[in-house]
Amino acid sequence: MTHDPNGAPPGGVLERLTAALGAEGSRRGPPPVERWNPDYCGEIPMRIAADGTWHYNGSPVSRPALVKLFSTILRRDPDGRTVLVTPVERVGIEVEDAAFLAVEMAVEGEGEARAVAFRTNLDDVVPLDDAHPLRFERDPEGGFKPYIAVRHGLWARVTRALTYDLVDLCEEREEGGERWFGLAAGGRFHRIAKSSELS
């Protein structure tokens, strides 16, 4: 199969997904994917690479509008599978790291009253709050990779450049008899790691 010069994936399942979204495209706001539970139809050859690039049949999908469209029907099912879902079809895709990248950060205020928001590579704006917490994973070099919850069980990995900015906001606190390194924002202290693990 080949792609057209505009970067559109070949037909078949993606055409069906796009067609199924036609009726939903006129509604305001994001599609209610949490309410759609069609039968699972297997995996398709779509992959979100660790750098945030979407690929179909081994080739990058170069049309941003198409990627944004499909990102609106993306969710993570309770079994851990990442799927594209419409009212009539649900298909699995591969995600190498996270579904999104957090590429921009806005900060206002100080301490626990500090407000932090992120913009993803697909222009979702996500505030750091109880509904959109941070989590941290160890990277192979021994550091930490931060992620922020976006929607429907999907996460955005904070880019390395923004991670440095995020660390600049962090502090040490004693909680539960232990010293923790973390970020005060959104009304609470987000623990990253025990201070003893960083020394």
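Glu171 and Arg173 form a salt bridge, their closest N and O atoms sitting 3.0 Å apart. (A salt bridge here is a side-chain nitrogen of Lys or Arg within 4 Å of a carboxyl oxygen of Asp or Glu.) Glu171 is partly exposed at a relative accessible area of 29%, and Arg173 counts as partly exposed too, at 22%. On this scale buried means under 20% relative accessible area, exposed means over 50%, and partly exposed is in between, with a 1.4 Å probe and protein chains only.

## What kind of model this is

This is a predicted model, where local features need pLDDT of at least 70 and side-chain atom pairs count only at pLDDT 80 or more, while totals for chains, interfaces and linings use all residues. Residues are numbered from 1 along each chain as its sequence is written, and side-chain values use heavy atoms, with hydrogens and water left out.

## The overall picture

The protein has 4 helices and 15 strands; these are DSSP runs numbered from the N terminus, helices being H or I with at least four residues and strands E with at least two. Of its 199 residues, 44% are buried. Take the contacts with a separation of 6 or more: 51% of them join residues 24 or more positions apart, a contact being heavy atoms within 4.5 Å.

As for the surface, the protein exposes about 10500 Å², and carbon and sulfur atoms supply 49% of that. The areas come from the Shrake-Rupley method with a 1.4 Å probe; for residues, only the protein chains shown count as cover.

## More salt bridges

Side chains of opposite charge can pair when their charged atoms come close. A search of the whole structure turns up 19 salt bridges. One of them joins the side chains of Asp130 and Arg188, at 3.7 Å from N to O. Asp130 lies in the loop between strand S9 (125-127) and strand S10 (134-138) and Arg188 in strand S15 (residues 188-194), so this pair ties together parts that are 58 residues apart in sequence. Asp130 is exposed at 64%, whereas Arg188 is partly exposed at 32%.

Arg119 and Asp123 also meet through their side chains, at 2.9 Å from N to O. Arg119 is partly exposed at 29%, as is Asp123 at 41%.

## Thr82, a buried residue

Thr82 belongs to strand S5 (residues 82-85) and is buried, with a relative accessible area of 7%. Leaving aside residues up to four places away in sequence, Thr82 touches Leu74, Arg75, Arg76, Val91, Gly92, Ile93, Val95 and Leu154.
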